[in-house]
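Please find below a colleague's note on the model under review. The points are numbered and may be read beside the coordinates.

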Amino acid sequence: MALRTLISEDQIQSRIREIAASIDADYPDGTLYLICILKGACFFLADLARAVKRDAYLDFMSISSYGKEKTTSGEVKIVKDLDISLEGADVLIVEDIIDTGITLNYLLELLKARKPRSVRVAALLDKTSRRVKPVDAAYVGFEIPDEFVVGYGLDFAEKYRNLREVCVLEAD
Ligand code: PRP
């Protein structure tokens with residue numbers, strides 16, 4: 001297996017600063033609730049949370065898609081739920097990648113039912129060509145082709161998450 005850099009560390013960090021500036025401009029004063037979907041979004045959450053110039057609460061949710069056999073029914077199991085209440089809050093779901101859109105469709109419905117003031121999505125990567133269910137993401141870092149990507153939180157069998165860039169994993 002070989003790694004080919006798709007998005008460099010500089011490109012990622014520069015785009016995150018742009019997204020953070022948009023977030024600061026878009027939201028009214030007040031605390032922003034940043035919800036990290038584990039594990040892939042951990043670095044995006046860490047960098048985005050420190051790039052916004054406002055108070056932010058951080059919380060983490062872990063979900064599993066029933067052994068990766070995702071169906072359009074969107075069955076997703078919560079492995080670790082949030083600790084904080086979202087009632088009346090401005091909530092931003094932080095994701096590393098949108099692929100079929102099934103996960104985010106489920107999460108948006110789940111979190112909207114908790115009566116936040118607003119709920120939006122920030123995703124670093126978007127594989128639009130793979131979409132099964134539409135997702136309206138307010139903030140997207142990069143649209144990428146349908147290639148297997150790793151790094152900056154994304155894994156292949158848990159490996160490569162700690163790369164500083166996003167790479168395509170290619171067969172030798
Ligand atoms: C990835 C990603 C999203 C989901 C997107 O998580 O972080 O949560 O898949 O796919 P979808 O749009 O097709 O629903 P993954 O299940 O790989 O877990 P991980 O972040 O812990 O690696």
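Leaving aside neighbours within four places in sequence, with which residues is Ser118 in contact? The reply is given in point 2.

1. Basis of the note. This is a predicted model, in which local features need pLDDT of at least 70 and side-chain atom pairs count only at pLDDT 80 or more, while totals for chains, interfaces and linings use all residues. Residues are numbered from 1 along each chain as its sequence is written, and side-chain values use heavy atoms, with hydrogens and water left out.

2. Ser118. Strand β6 (residues 118–126) contains Ser118; helices (H or I, at least four residues) and strands (E, at least two) are DSSP runs, numbered from the N terminus. Beyond its neighbours within four places in sequence, Ser118 is in contact with Tyr27, Ala89, Asp90 and Val91, contact being heavy atoms within 4.5 Å. With Asp90, the side chain of Ser118 makes a polar contact of 2.6 Å. A polar contact is a pair of N or O atoms within 3.5 Å; within protein, one must be able to donate a hydrogen and the other to accept it, and residues adjacent in sequence count only if both atoms are side-chain atoms.

3. The six-stranded sheet. An open sheet of mixed pairing has the strand order β4-β3-β2-β5-β6-β7; two strands pair if DSSP finds at least two bridges between them. At its edges are β4 (77–80) and β7 (139–143), each pairing on one side only. From one strand to the next, the twist averages 30°. Axes are lines fitted to C-alpha atoms, for helices over the stretch in contact, and angles run from 0 to 180 degrees between N-to-C directions.

4. Strand β2 (residues 32–38) runs parallel to β5, joined by five bridges, and Cys36 stands opposite Val94 in β5. Helix α1 (residues 9–26) packs on this sheet and touches β2, β5, β6 and β7; its direction makes about 155° with that of β7.

5. Five bridges link β1 to strand β9 (residues 166–170) in the antiparallel sense, and Thr5 stands opposite Cys167 in β9.

6. Ligand shell. There are 16 residues around the ligand, of which Glu95, Asp96, Thr100, Gly101 and Thr103 come nearest; a residue is near a molecule or strand if one of its heavy atoms lies within 4 Å of it. β5 (90–98) and α3 (102–112) each supply at least two residues of the shell, and β5 gives the most, with four residues.

7. For Gly40, a backbone N or O atom lies 2.9 Å from an oxygen atom of the ligand. The protein covers 85% of the 500 Å² of accessible area that the ligand has on its own.

8. Backbone geometry to check. Most residues other than glycine have a negative phi, and most peptide bonds are trans. The peptide bond from Leu38 to Lys39 is cis, with omega near -10°; Lys39 is placed in the loop between β2 and α2 (42–51). Glu158, not a glycine, has a positive phi of about 75° and is found in the loop between β8 and β9.

Key. Areas by Shrake-Rupley, 256 points an atom, 1.4 Å probe, with all protein chains shown as cover.
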